[in-house]
Amino acid sequence: MADYDFIIVGAGSAGCVLANRLSANPNNRVLLLEAGKKDSSPFIHMPAGLSQLVPKEDHNWYFWTEPQEHLFGRELFWPRGKVLGGSSSINGMVYIRGHASDYDHWRQLGCRGWSFEDVLPYFKKSETCERGSDDFHGADGELNVTSKVMDHPMTKAFVDASVQAGFKKADDFNGADQEGVNTYDFTIKDGKRQSAAVAFLHPVMNRENLTVETDALTTRVLFTEGKASGVEYRQGVELKTASADREVVLSGGAINSPQLLLLSGIGPGAQLQHLGIPIIKDLPGVGENLQDHLDVLLRWRSLQPISAYGASKFPNNALTLLRWRLASSGWGAAAPTPGGAFLKTRPELERPDIQLHQMNVASAPHGLEPPKEHGFQVHVCQLRPESRGTVSLSSPLPKDHPKIDPNYLSAPGDLEVLRDGLKIVRNIVNQSAFEPFRGEETWPGIEVDEDYEIDAAIRSSAETLYHPVGTCKMGHDEMAVVDDELRVHGVPGLRVVDASIMPTLIGGNTNAPAIMIAEKAADMMLATP
């Protein structure tokens, strides 16, 4: 049995940060376990390469949900990164922190030390913002954040049309005021993806006190007299064990972290007993409180042949890859969702309740099918859904995927917000700024006009926006899994550090918050004797 001070399970956004910070002290022996491969594929590092990553299983857990009652019984595809960098290696690279009130709400729920004032320094610590340092941005962090996007006329039309529709132009979605429309900031540097692995892990891989194991599926946490004391993991045909003198940290994300807790005997007692798993700690909240951004996209044909469709066809796709390899420029270096907005569906709301992502291509959800013609699309998601779902075990075997039931649209108000959001997007695209490009609306189609028709279109087409959280929530109520310092209630030596600890979903993309959570957790762990 190999011996370490800290064992981190999962080399995603949080795990890479933890590995960096915990191993900075040469006296700390750190083991980082990743079930996936090394991030050696060029498509990981090419910003436009996610179209080659998300639809395939090479770097992807390739999860599917249970049939969704309120989405006409559909099973939804849930891609999650299975590679060094985790989902930060296959995501859209949008850098968004969420609304300040999201974190203040956590504090109001009793999570001490998690208000926006508390977490802002950790966002700044990670960041090198190309805008420069100010009250909201850092300039000395490992993670490069750029506001440079491809200068594309359809993105400009999206911003201009949104202003024509009565929405204001935002200065900085991560600044003093999130509301409005503009282009996004991205975790991209010099035309290459800045995953958590690239930013935080690769620069420290040569530390003698840091061991990184890939293709290593953790099967359970080990305990000695009730304290987490190590892990068991499978690497190839070998079943190995490693001990942790100080702490075991789960950083597998909102699906894998609760799954591993359950496999290890921590979770709802009845579920564990049913599967024959010995109970270490009866914690009813493990796997509960699942939240995600449900997304609906609207598509149009383009009147001009200027979309990414042209770059995706042979032989242009080969030229796109070559130009990126030689100069890190062109469509290969382009962020996939350049235009964005945080808007209110009703003027009396205190904060935006929908988010838009504009794309200069019209494609199938998740890129499961290549684009077939020139077009553009706009995604709309509800920022704070009231629906709650679950993650539970399908079997006691670690290799089996868990049951994922987000229970989308179980709260009626969620559908209303998406319906209103769809109407707002149509209004934006119908403004004069889009006239040079706006062709036929191909989805859902202008004939889908009545509320009941729009609702049916949403139920038949909505998909995940890749932001699952909440399944190991932080708090002090009976359904909380971890405390304010992310220690698992009643289980010494064990923490969860990833997006699963969020008590409520933040209003935006979740990669930057996951990195912040790890930064804050690392400080707390290093301060613990």
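Visitor: Before I look at surface residues, what does exposed mean here, and what does buried mean?
Guide: Exposed means over 50% relative accessible area, and buried means under 20%. Partly exposed lies in between. Bear in mind that this is a predicted model.

Visitor: Okay. Is Asp190 buried or exposed?
Guide: Asp190 has a relative accessible area of 61%. The cut-off for exposed is over 50%, so Asp190 is exposed.

Visitor: Where is Asp190 found?
Guide: In the loop between β8 (188-189) and β9 (192-193).

Visitor: And what about its phi?
Guide: Asp190 has a positive phi of about 50°, although it is not a glycine. Phe72 is another non-glycine with a positive phi, about 60° in its case.

Visitor: Where is the place of Phe72? Buried or exposed?
Guide: Phe72 sits in the loop between β3 (63-64) and β4 (77-78). Its relative accessibility is 54%, so Phe72 counts as exposed.

Visitor: Let's zoom out. How many helices and strands does the chain have?
Guide: There are 13 helices and 24 strands. The radius of gyration is 22 Å, close to the 24 Å that the globule rule gives for 529 residues, so the chain is as compact as a globular protein of that length.

Visitor: What does the C-alpha trace span?
Guide: About 70 × 50 × 45 Å along its principal axes.

Visitor: How many of the 529 residues count as buried, as a percentage?
Guide: The buried share is 62% of the 529 residues. The accessible surface of the chain comes to about 20200 Å². Carbon and sulfur atoms hold 49% of that surface.

Visitor: What about contacts between residues 24 or more positions apart?
Guide: Such pairs account for 69% of the contacts in the chain with a separation of 6 or more.

Visitor: Now strands. Why is β18 largely enclosed?
Guide: Strand β18 covers residues 354-359, and six of the six are buried, so the rest of the structure largely encloses β18.

Visitor: Which way do its residues point?
Guide: Ile354, Leu356 and Gln358 point one way from β18. Gln355, His357 and Met359 point the other way. All are buried.

Visitor: Which strands pair with β18?
Guide: Strand β17 (residues 339-343) pairs with β18 in the antiparallel sense over five bridges. Strand β19 (residues 375-382) also pairs with β18 in the antiparallel sense, over six bridges.

Visitor: Switch to β12. How many of its nine residues are buried?
Guide: Seven of the nine, so β12 (residues 227-235) is mostly covered. Eight bridges join strand β11 (residues 216-224) to β12, and the two run antiparallel. On the β13 side (residues 238-250), β12 pairs in the antiparallel sense over six bridges.

Visitor: What stands opposite Val231? And what is the bridge partner of Thr224?
Guide: Val231 stands opposite Ala242 in β13. Thr224 has Lys227 in β12 as its bridge partner.

Visitor: How many residues lie between the strands in each hairpin?
Guide: Two residues lie between β11 and β12, and Glu225 there takes a positive phi near 50°. β12 and β13 also have two residues between them. In that turn, Gly236 has a positive phi of about 65°.

Visitor: Last one, Met150. What does it touch?
Guide: Leaving out residues up to four places away in sequence, Met150 touches Gly330, Trp331 and Ala334. Met150 lies in the loop between β6 (143-145) and α5 (153-164). At 26% relative accessibility, Met150 counts as partly exposed.

Note on methods. Residues numbered from 1 in each chain as written. Predicted model: local features only at pLDDT ≥ 70, side-chain atom pairs only at ≥ 80, totals over all residues. Heavy atoms only, no water. Buried < 20%, exposed > 50% of the residue type's maximum accessible area, 1.4 Å probe, protein only. Helix = DSSP H or I, 4+ residues; strand = E, 2+ residues; numbered from the N terminus. Pairing = 2+ DSSP bridges. Rg over C-alpha atoms; globule rule 2.2 N^0.38 Å. Contact = heavy atoms within 4.5 Å. Areas by Shrake-Rupley, 256 points an atom, 1.4 Å probe, with all protein chains shown as cover.
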